[in-house]
Amino acid sequence: MATTGLIRGMGSFFKECEHPESRWSKCPHEYKIRYRNAAGRQAEESGFATQDKAKTRLAEVYHARKNSPQSQRKAERIQKYGVMQFADYVSEWLKGQRDLSPTSQRNLNSLLRNHLLPAFGSRRIGTFDHKVVEAFIQTMERNGIGVATQTNAFITLKTVLLDAHRLGLYEDSPLDGVKAPQYDPTRAVIPSVAQLQQIRSAGNDAFRLVTDLMSGCGLRNGEAFAVNINNIVADDVYRITEQVNQATNAYARLKHRKVGEYRDVPLPARTRHSIEWYADTYGTVDGYLLRNPKDITRALPHHVIDRQWRRIKKSGQADIPEGMVLYGLRHFFASNCLSNGIPITDVAEWMGHRSVDITFKVYRHLMPGSISRAAQVLDLSLAA
């Protein structure tokens with residue numbers, strides 16, 4: 001596509017025929033032009049007999065766009081924000097993030113403080129392009145930053161840059177062609193059944209209940225801490241309605257859900273017995289089982305179970321797989337479901353993932369040989 005004699009941002013002219021560009025001046029086919037209109041959308045026009053006429057039209061469109069009120073406002077935004085340092089731009093952007101939960105706000109501040117601001121704090125926001133973003137990802141990889149943190153840092157940077165792109169600070173998105181950090185499913189370390197039995201027996205009764213809820217129902221840590229006997233809505237169904245927020249240690253809405261929303265999950269008989277045994281043994285407060293040891297009117301803080309987990313790992317009293325974290329108990333639930341043929345769409349819903357794509361990326365490796373099994377099933381029908 002030819003751009004000879006055109007300034008950057010003016011557009012391009014071309015021919016849709018079999019002749020090479022060197023023959024365009026002699027072939028009879030008409031020229032077409034492509035440019036971005038005043039709204040920033042790509043547009044095309046055709047019917048130009050000569051290259052000069054195509055260029056003249058591109059120049060007319062370009063100057064009209066530059067002189068439009070919309071373009072002038074864009075130029076003012078570029079002049080105001082384009083030279084702004086990343087740190088200052090983010091400070092302005094943060095004022096609009098008013099709907100974040102306390103945990104999300106804390107995580108965002110941590111990503112900015114530890115990764116984004118050290119890398120880009122003084123860089124002018126208008127100088128970002130795909131090479132800058134790629135270099136940032138590569139630097140995180142070289143420094144051994146965990147893939148989950150890499151992904152969260154990239155998503156935060158992406159959100160900020162898309163905000164700047166909407167203001168018109170870039171002709172092309174600085175994220176075009178950038179390959180996001182890839183989650184490595186082998187990092188989802190999952191205990192065996194025997195290891196799970198050792199883990200659940202290594203802590204106190206509260207720890208055992210959390211273990212059963214996470215491995216048996218797929219609850220997140222905070223959701224397990226908010227277990228309520230009234231949420232057993234059927235012998236085999238548990239309703240997850242809230243979680244204990246890690247930042248505030250108070251009851252809060254579920255992740256990715258609005259206040260009042262819930263999700264129902266399968267309740268294995270052993271997990272139901274664990275809930276009922278704990279309630280019978282220790283009692284409940286408004287149906288809640290796990291309470292703050294120092295004040296039973298308050299929720300169980302995250303650190304109570306986290307400390308037990310660290311102690312168990314350090315003591316060696318349970319055979320814990322290398323690299324496993326407490327969240328691996330929830331991975332066990334997903335593994336158990338998928339290895340027993342439960343559809344991944346159901347697993348995604350029970351685990352509270354925003355989309356089945358997330359479940360697939362994390363747990364696809366737990367469905368080995370699915371293509372081979374499908375081929376065998378199809379062959380049986382074809383041979384019938």
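Helices H4 and H6 are roughly perpendicular to each other, a label that covers angles of 65 to 115 degrees, whereas angles under 35 count as roughly parallel, over 145 as roughly antiparallel and the rest as oblique. Helix H4 spans residues 102-120, and its axis lies 10 Å from that of H6 at an angle of about 75 degrees. Axes here are lines fitted to C-alpha atoms, for helices over the stretch in contact, with angles running from 0 to 180 degrees between N-to-C directions. Please keep in mind that this is a predicted model, in which local features need pLDDT of at least 70, side-chain atom pairs count only at pLDDT 80 or more, and totals for chains, interfaces and linings use all residues. Residues are numbered from 1 along each chain as its sequence is written, and side-chain values use heavy atoms, with hydrogens and water left out.

Who meets whom between these two helices? On the H4 side, Leu108, Leu111, Leu112, His115, Leu116 and Phe120 touch Thr149, Asn152, Ala153, Thr156 and Leu157 of H6, where contact means heavy atoms within 4.5 Å. By class, this contact has seven nonpolar, four polar and no charged residues. Ala, Val, Leu, Ile, Met, Phe, Trp, Tyr, Cys and Pro count as nonpolar, Asp, Glu, Lys and Arg as charged, and the others, Gly among them, as polar.

Helix H6 (residues 147-166) also packs on helix H5 (residues 130-142), at an angle of about 165 degrees and with the axes 11 Å apart. That makes H5 roughly antiparallel to H6. Val133, Phe136, Ile137, Met140 and Glu141 in H5 face Gln150, Ala153, Phe154, Leu157 and Leu161 in H6. Eight nonpolar, one polar and one charged residues make up this contact.

Now to the strands. Helices (H or I, at least four residues) and strands (E, at least two) are DSSP runs, numbered from the N terminus, and two strands pair if DSSP finds at least two bridges between them. An open sheet of three strands runs in the order E1-E2-E3 with antiparallel pairing. Strand E1 (12-14) and strand E3 (42-48) are its edges, each pairing on one side only. From one strand to the next, the twist averages 25 degrees.

| Strand pair | Bridges |
|---|---|
| E2 (residues 31-36) and E3 | six |
| E4 (residues 232-234) and E5 | two |
| E5 and E8 (residues 263-266) | four |

A hairpin joins E4 to E5 through two residues, and Ala234 has Val237 in E5 as its bridge partner. Arg239, in turn, is bridged to Asp264 in E8. Strand E5 (residues 237-240) has a covered face, made of Tyr238 and Ile240, and an uncovered one, made of Val237 and Arg239.

Finally, a look at Leu289, which sits in the loop between helix H10 (269-282) and strand E9 (291-292). Is Leu289 buried or exposed? Leu289 is buried, with a relative accessible area of 5%; buried means under 20%, exposed over 50%, and partly exposed in between, using a 1.4 Å probe and protein chains only. Leaving aside neighbours within four places in sequence, Leu289 is in contact with residues including Leu209, Val227, Ile229, Ile275 and Tyr278. Ala226 is 63 residues away from Leu289 in sequence, yet the two are 7.7 Å apart in space, C-alpha to C-alpha.
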